[in-house]
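I opened this entry to look up the aromatic rings, then the surface. My notes follow the model below.

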Amino acid sequence: MWYYKVITGILIFPWSLALLMVAASVRHRRLRTARVIVLSSAPRETPQGMPLGLPEPSPALSTPLNA
(Lines give C-alpha, C1' and ligand atoms only; values in the text may rest on other atoms or scores of the structure.)
Protein backbone atom coordinates (compact mmCIF):
# COMPACT_ATOMS: atom_id res chain seq x y z
CA MET A 1 0.00 0.00 0.00
CA TRP A 2 2.62 2.43 -1.16
CA TYR A 3 0.08 4.99 -2.32
CA TYR A 4 -0.82 5.82 1.29
CA LYS A 5 2.81 6.86 1.80
CA VAL A 6 2.72 9.00 -1.35
CA ILE A 7 -0.52 10.73 -0.34
CA THR A 8 0.76 11.28 3.20
CA GLY A 9 4.02 12.71 1.83
CA ILE A 10 2.14 15.07 -0.49
CA LEU A 11 -0.03 16.28 2.39
CA ILE A 12 2.87 16.71 4.84
CA PHE A 13 5.38 18.31 2.41
CA PRO A 14 3.86 21.83 2.31
CA TRP A 15 3.68 21.95 6.10
CA SER A 16 7.27 20.82 6.53
CA LEU A 17 8.39 23.37 3.92
CA ALA A 18 6.51 26.12 5.75
CA LEU A 19 8.09 25.08 9.07
CA LEU A 20 11.55 25.14 7.50
CA MET A 21 10.93 28.64 6.13
CA VAL A 22 9.71 29.90 9.51
CA ALA A 23 12.72 28.40 11.28
CA ALA A 24 15.10 29.95 8.74
CA SER A 25 13.50 33.39 9.04
CA VAL A 26 13.66 33.25 12.86
CA ARG A 27 17.32 32.25 12.67
CA HIS A 28 18.05 35.02 10.16
CA ARG A 29 16.26 37.61 12.30
CA ARG A 30 18.11 36.49 15.43
CA LEU A 31 21.48 36.71 13.67
CA ARG A 32 20.62 40.13 12.27
CA THR A 33 19.60 41.59 15.63
CA ALA A 34 22.59 40.03 17.41
CA ARG A 35 25.01 42.30 15.57
CA VAL A 36 25.20 45.65 17.30
CA ILE A 37 27.38 48.39 15.88
CA VAL A 38 28.77 50.79 18.46
CA LEU A 39 29.82 54.15 17.07
CA SER A 40 32.15 56.41 18.97
CA SER A 41 30.85 59.84 19.92
CA ALA A 42 34.13 61.59 19.02
CA PRO A 43 34.06 63.34 15.64
CA ARG A 44 36.14 61.64 13.01
CA GLU A 45 38.47 63.38 10.63
CA THR A 46 37.45 63.07 7.03
CA PRO A 47 40.31 62.17 4.71
CA GLN A 48 41.25 64.68 2.05
CA GLY A 49 40.08 63.72 -1.39
CA MET A 50 42.50 62.91 -4.15
CA PRO A 51 42.87 65.68 -6.70
CA LEU A 52 41.61 64.54 -10.06
CA GLY A 53 43.96 65.16 -12.96
CA LEU A 54 41.43 65.80 -15.68
CA PRO A 55 42.71 65.77 -19.25
CA GLU A 56 42.45 68.93 -21.29
CA PRO A 57 39.51 69.06 -23.67
CA SER A 58 40.26 68.29 -27.26
CA PRO A 59 40.06 71.20 -29.71
CA ALA A 60 36.90 71.63 -31.73
CA LEU A 61 37.00 70.31 -35.28
CA SER A 62 37.50 73.04 -37.82
CA THR A 63 36.13 71.06 -40.75
CA PRO A 64 32.85 69.11 -40.73
CA LEU A 65 33.09 65.37 -40.99
CA ASN A 66 31.60 63.79 -44.09
CA ALA A 67 30.55 60.21 -43.55
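I searched the whole structure for aromatic pairs and got two. The model is predicted, so I kept its limits in view: local features need pLDDT of at least 70, side-chain atom pairs count only at pLDDT 80 or more, and totals for chains, interfaces and linings use all residues. Residues are numbered from 1 along each chain as its sequence is written, and side-chain values use heavy atoms, with hydrogens and water left out.

A ring pair is described by the distance of the centres and the angle of the planes. My cut-offs for rings of Phe, Tyr and Trp (its six-membered ring) were centres within 6.5 Å, with planes under 30 degrees apart stacked, over 60 edge-to-face and the rest tilted.

Trp2 and Tyr3 came up as an edge-to-face pair, at 6.1 Å between centres and 80 degrees between planes. I then read the pair of Tyr3 and Tyr4: it is tilted, because the centres are 4.9 Å apart and the planes stand at 40 degrees. I logged Trp2, Tyr3 and Tyr4 as one aromatic cluster.

Next I checked accessibility (buried is under 20% relative accessible area, exposed over 50%, partly exposed in between; 1.4 Å probe, protein chains only). Trp2 is exposed at 63%. Tyr3 is partly exposed at 40%, and Tyr4 is partly exposed at 48%.

How much of the protein is buried? Of its 67 residues, buried ones make up 0%. The protein exposes about 7,700 Å², and carbon and sulfur atoms supply 68% of that area (Shrake-Rupley method, 1.4 Å probe).

I also found a nonpolar surface patch of about 1,000 Å², made by Met1, Trp2, Tyr3, Tyr4, Val6, Ile7, Ile10, Leu11 and Ile12. Patch residues have over 30% relative accessible area and no salt bridge, with nonpolar side chains joined within 5 Å and like charges within 9 Å. A salt bridge is a Lys or Arg side-chain nitrogen within 4 Å of an Asp or Glu carboxyl oxygen.

Val6 lies in helix α1, residues 2-34.

Conventions:
Helix = DSSP H or I, 4+ residues; strand = E, 2+ residues; numbered from the N terminus.
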